[in-house]
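Please read it alongside the structure.

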Amino acid sequence: MATGTPHEARGGARRAQLREQLMQDSRDAAREIIATEGLSGFTVKAVAGKVGVTPAALYRYFDGKHGLVRALYGDITTELISTVQTAVEHQDADDLSAKLHAATHAVLVWSVGHPGEFSLLMGAGFPEATESGDEIPQAIARELGGLFAGLFVELVRQELIDGEVDRGMSEVLRRQLVVYQQAVSPGLPLGAISAMMHCWRQIYGLICMAVNHHLAFAFGDDYEALFEEMMADLLPKLGVLPSPKRRYLKVGPERLVAVQKPQGEVALRNHF
C-alpha cells in the first residue's frame, strides 16, 4: 500500500524539522528570560515574542507555561549534572576526596554563574516550578543527589563512613531520610544518606549566600575561602582529607580544558 509520494514525505520531514526547531528556539528563549529576568518575566507571551510567533502557536507544542517550565527544568538539570560529572571525571580515578571536593565546587560555581537557573532548580523559583509537573519535586534531588550518592557508595565500601544511623536519631528524621533514600539511592545505607544530608545542609546554605550575594558587604563576590574552609571541615567527617591533586572547574560557554595552576594544582577552565 502506498504511503505517500516522495514529495509528501519530504514535506512531512520538513514540517517535523521546523517543529523541532521551533521547540528548541522556544526553550532557548525561555532559558534566556529565566537567566536575565527570572520567573517574574517568564510568560508564554514573552517567549513567543522572542521567537517571533504568536502565543497561540506555542500552545500547539507546549502545555502553556507549565509545559515550557517542564522542558526547561529538564534541560537545566541535565546541564548541571553534566557539569558536575565532568568535574568528577577530571579527577584521578582513585582520588575520592578530589571527586567529592570538585563535584561540590562545580555545583557552587555553576549556581553562582546561573542565578536564574539556580532559582528555578532549587531556589526561590522552585515552588512555582513544582506546580508544572509531578516529577519536578524529586527531579533535582534524584539527579544531583544520585550523582553524589555514587561517591558515597564508595565511602561506605571503603569503610570510611558508617552505614548505620545514630541510635539517638529521632523517628521523625529517620522516616524522612528513608523517603529521601528511596527517591535518590535505595541501595545506599541510611547512615550514608544521613551523612549526605549533613553535608548538603551546609553546602546549600553557602550556595544560597553566594548566589544571592548575602553578606556581600563582607565577602563581595568571593566565597572561595569560605568554601574551602567548609570543605576542610566536611571531608574529614567523611573519612578523607582534602586532596592536593584536586582539579577545579570554571563554568563558561565553551568547552572545558585542563590547565596547570601554581603549586601543582590543576584547574578546569574555558576558552572564551
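## Aromatic pairs

Phe-118 is buried, at 3% relative accessible area; buried means under 20%, exposed over 50%, and partly exposed in between (1.4 Å probe, protein chains only). Tyr-204 is partly exposed, at 28%. This is a predicted model, where local features need pLDDT of at least 70, side-chain atom pairs count only at pLDDT 80 or more, and totals for chains, interfaces and linings use all residues. Residues are numbered from 1 along each chain as its sequence is written, and side-chain values use heavy atoms, with hydrogens and water left out.

Rings of Phe, Tyr and Trp (its six-membered ring) pair if their centres lie within 6.5 Å; planes under 30 degrees apart are stacked, over 60 edge-to-face, and the rest tilted. The count is three aromatic pairs. Phe-118 and Tyr-204 make a tilted pair, with centres 6.3 Å apart and 35 degrees between the planes. The pair links distant parts of the chain: Phe-118 sits in helix α6 (residues 115-122) and Tyr-204 in helix α10, 86 residues apart. Phe-118, Trp-200 and Tyr-204 form one aromatic cluster.

Why does the pair of Phe-219 and Tyr-223 count as stacked? Their ring centres lie 5.3 Å apart and their planes meet at 20 degrees, so the pair is stacked. Phe-219 is partly exposed at 30%. Tyr-223 is buried at 5%.

## The largest pocket

The largest pocket has a volume of about 470 Å³. Of its 24 lining residues, the closest to the centre are Leu-144, Gly-145, Tyr-180, Met-196 and Trp-200. On a 1 Å grid over the protein atoms alone, a pocket is an open set of points where a 1.4 Å probe fits, with protein on both sides within 12 Å along at least five of seven lines; lining residues have an atom within 4 Å of a point. Volume is the space filled by probe spheres set on the points.

Helices α5 (96-113), α8 (136-157), α10 (190-211) and α12 (224-237) each supply at least two lining residues. The lining has 22 nonpolar residues, two polar and no charged. Gly counts as polar here, while Met, Trp and Tyr are among the nonpolar types.

## Fold and confidence

The protein has 12 helices and three strands, taken as DSSP runs (H or I, at least four residues; E, at least two). Buried residues make up 43% of the 272.

The average pLDDT, the predictor's confidence from 0 to 100, is 87, and 88% of residues score at least 70. Residues 253-272 stay under 50. Where pLDDT is low, the predicted coordinates should not be read in detail.

Terms used. Contact = heavy atoms within 4.5 Å.
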